[in-house]
Amino acid sequence: MADPFIELSNVTLQYGGGTLALAQTDLRILQGDFVALVGPSGCGKSTILKLVAGLLKPSSGGVVVAKREVAMAGSGASADAVGATAKVRIGLAFQNPTMLPWLTIRENVMIPLKIVEPFRRDWAKKKKGEYAERADALLAQVGLKGFGDKRPWQLSGGMLQRASLCRALVHEPQLLLLDEPFGALDQFTREELWDIMQTLWMANKPTVLLVTHDLRESAYLANRICVMSSRPGRILETREVPFARPRMLEMSYGPEFTTLVQQLRMRIAHARTSAPTDAPDALALTPLKANA
Amino acid sequence: MTSLTAQTRQRLLSTAVLIGFFLLWELGCRASGVSDLILPRPSQIAYVLWTKMPLLWPHAVQTLYTTLSGFGLGVCTGIVIGMIIGSSKLAYDVAYPLLVGFSSIPKVAVVPIFVVWFGAGTVPAILTSMVISIFPVVVNVATGLANTEPELEDVLRVLGAKKRDILWNVGLPRALPYLFASLKIAITLAFVGTVLSETVAANKGIGNVMIIASGNFDVPLVFAGLVILAVMGVMLYAVCSFIEGRMTGWAQRKDAGSSVVMA
């Protein structure tokens, strides 16, 4: 079997307040794979994402991205880990588009080029030419042609989320981390963005880790779906998604797709009821720090 | 279109209120026959302003110069301190009680100290207006910097951004509206500081003129000094407001609401 691009081995994460977010989690993702993490809320999906990004340090176990140790329990501060991961170009998009209001949409999309090497060194030279064109091309791909000069507050939530995707992709990341990027959108916009996402992924094949609570979304987009248990999170099951690409919306109403989604749904319902042995009251009292 | 007429109406109304205020004052004084030693009439004040302008002018310039110097120094110092405090949670928590302590000292109390250190004159006035205008700037800049959205910071950190990158690209622009809001407060406070110091220990400036005039029971002249201070204060406030609007238009989105595009 090929070397995994991302490998979490026996990772446990306990937040400062004592909340156990992840317990003995193993996860292997190959280069160019598209993996979705699904599970009940608070199960540590976002925590895994942050571990891979190097924003968090595991309490025990190790996280390896592109054969480079991102963070191992007991190693240096997570700030150093972020520096180490930066060798792999990572794109990040959240549910919240977090555009900077004082910049135009184009300038917002270009932010990674201003920060990430090797683009950074040519920033002054290329920001008016090549980089701006690259941003415009991406914006056109997500259906925002001609909106580059607008300010974020002139766009709707769905449009901002498209721009946020562009920002996550503009520096051609090898690894794309998406934390419920379509969560706050209406059904129509969401489905349209699924297609855009699929096209963008098929063009460059970055490795994608998608955190979502929308099972249809995971089945539509991912090659593999990891179902997580409720807190402390563990990966219960990994499902291969067999559907051929490019996947179409009609397919998502077919019997096979519906069956898969239903099975996932039941698995999660089961995961919730067979929740940890701790008294539920004690659980309710712990601060909800794991924001998955 | 409606918003324009509403704006015009509002302007007309505030002008009317202003004129009405002075008119009422004038009529009130005449009707009640109150002595101009207690409350001079606006017309008397205007007359004093007109006739004594050559005498008042250098003092006004002195006060303006002192205020702007103190304000400038205070804002620069305030920005630096605010950046230091705002860029680290630890510095914020550690320094905040100290700052609150300093700011709660009545600034009148520091004037004698400055006079002891630097002698009477312009220097203590500049220092007083500087000290008084630092605090709002520090608090606002620090708050603005501390308010960076954590998610956005994550996005940048994952890209490999250094702390300096984040401060420059996100922190400082985000803090700008807070800074400008504080400038409007600081400029009016700087006037307070200057006049305070001038009344206590100076031989020039509007504050000095007013304290001498009140000693001579020249109440119309005292009021003339007040009017000069008010006019200068309003002018500088307007300048700060104007710069604020130009620099941080993005933070005042209300007018832009109509141009929102739907997806």
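What is the mean pLDDT of chain B, and what share of its residues reach 70 or more? The mean is 85, and 94% of the residues of chain B reach 70 or more. Here pLDDT is the predictor's confidence in each residue, from 0 to 100. The structure is a predicted model, in which local features need pLDDT of at least 70, side-chain atom pairs count only at pLDDT 80 or more, and totals for chains, interfaces and linings use all residues. Residues are numbered from 1 along each chain as its sequence is written, while chains are lettered from A and ligands numbered from 1 in the order in which they are written.

For the complex, the predictor gives an ipTM of 0.70 and a pTM of 0.71. Within chain B, confidence is highest in helix 3 (residues 53-86), at a mean of 92, and lowest in helix 7 (residues 150-158), at 80. Helices (H or I, at least four residues) and strands (E, at least two) are DSSP runs, numbered from the N terminus. Residues 254-263 of chain B have a pLDDT below 50, and this stretch has 12 contacts in the model beyond near neighbours in sequence. Two residues are in contact if their C-beta atoms, placed from the backbone, lie within 7 Å.

Chain A has a mean pLDDT of 80, and 86% of its residues reach 70 or more. Over residues 276-292 of chain A the pLDDT is below 50, with 27 contacts in the model beyond near neighbours in sequence. A further stretch, residues 74-81 of chain A, stays under 50 and has 9 contacts beyond four places in sequence. Where pLDDT is low, the predicted coordinates should not be read in detail.

Chain A has 11 helices and 10 strands. Buried residues make up 46% of its 292 residues. A residue is buried if 20 or more other C-beta atoms lie within 10 Å of its own, exposed if 12 or fewer, and partly exposed in between; C-beta atoms are placed from the backbone. Of the contacts in chain A between residues at least 6 apart in sequence, 72% join residues at least 24 apart.

In chain A, 6 strands form an open sheet with mixed pairing, in the order 6-7-8-3-9-10. Strand 6 (90-93) and strand 10 of chain A are the edge strands, and each pairs on one side only. Neighbouring strands of the sheet are turned by 15 degrees against each other on average, direction ignored. Such angles run from 0 to 180 degrees between N-to-C directions; axes are lines fitted to C-alpha atoms, for helices over the stretch in contact. Two strands pair if DSSP finds at least two bridges between them.

Strand 9 of chain A has partners in strands 3 and 10. Strand 3 (residues 34-38) runs parallel to strand 9, joined by 4 bridges. A:Val38 has A:Val227 of strand 9 as its bridge partner. Strand 10 (residues 235-240) pairs with strand 9 in the antiparallel sense over 5 bridges. A:Cys226 stands opposite A:Thr238 in strand 10. A hairpin joins strands 9 and 10 of chain A through 6 residues.

A:Met228 lies in strand 9 (residues 224-228) of chain A. A:Met228 counts as buried because it has 27 C-beta neighbours inside 10 Å. Beyond four places in sequence, its contacts include A:Val38, A:Cys43, A:Lys45 and A:Ile235. A:Met228 and A:Arg267 are 39 residues apart in sequence, but their C-alpha atoms are 9.2 Å apart in space.

In chain B, the axes of helix 3 and helix 6 (residues 122-146) come within 6 Å and cross at roughly 35 degrees. This crossing of helices 3 and 6 is right-handed. A crossing is right-handed if the near helix is turned clockwise from the far one by less than a right angle, and left-handed if anticlockwise. The contact of helix 3 with helix 6 has 18 nonpolar, 14 polar and no charged residues. Ala, Val, Leu, Ile, Met, Phe, Trp, Tyr, Cys and Pro count as nonpolar, Asp, Glu, Lys and Arg as charged, and the others, Gly among them, as polar.

Helix 9 (residues 206-215) of chain B has buried residues, including B:Ile206 and B:Met210. The buried residues of helix 9 pack against helix 3, helix 8 (163-200) and helix 10 (219-247) of chain B. B:Val200 is found in helix 8. B:Val200 counts as partly exposed because it has 19 C-beta neighbours inside 10 Å.
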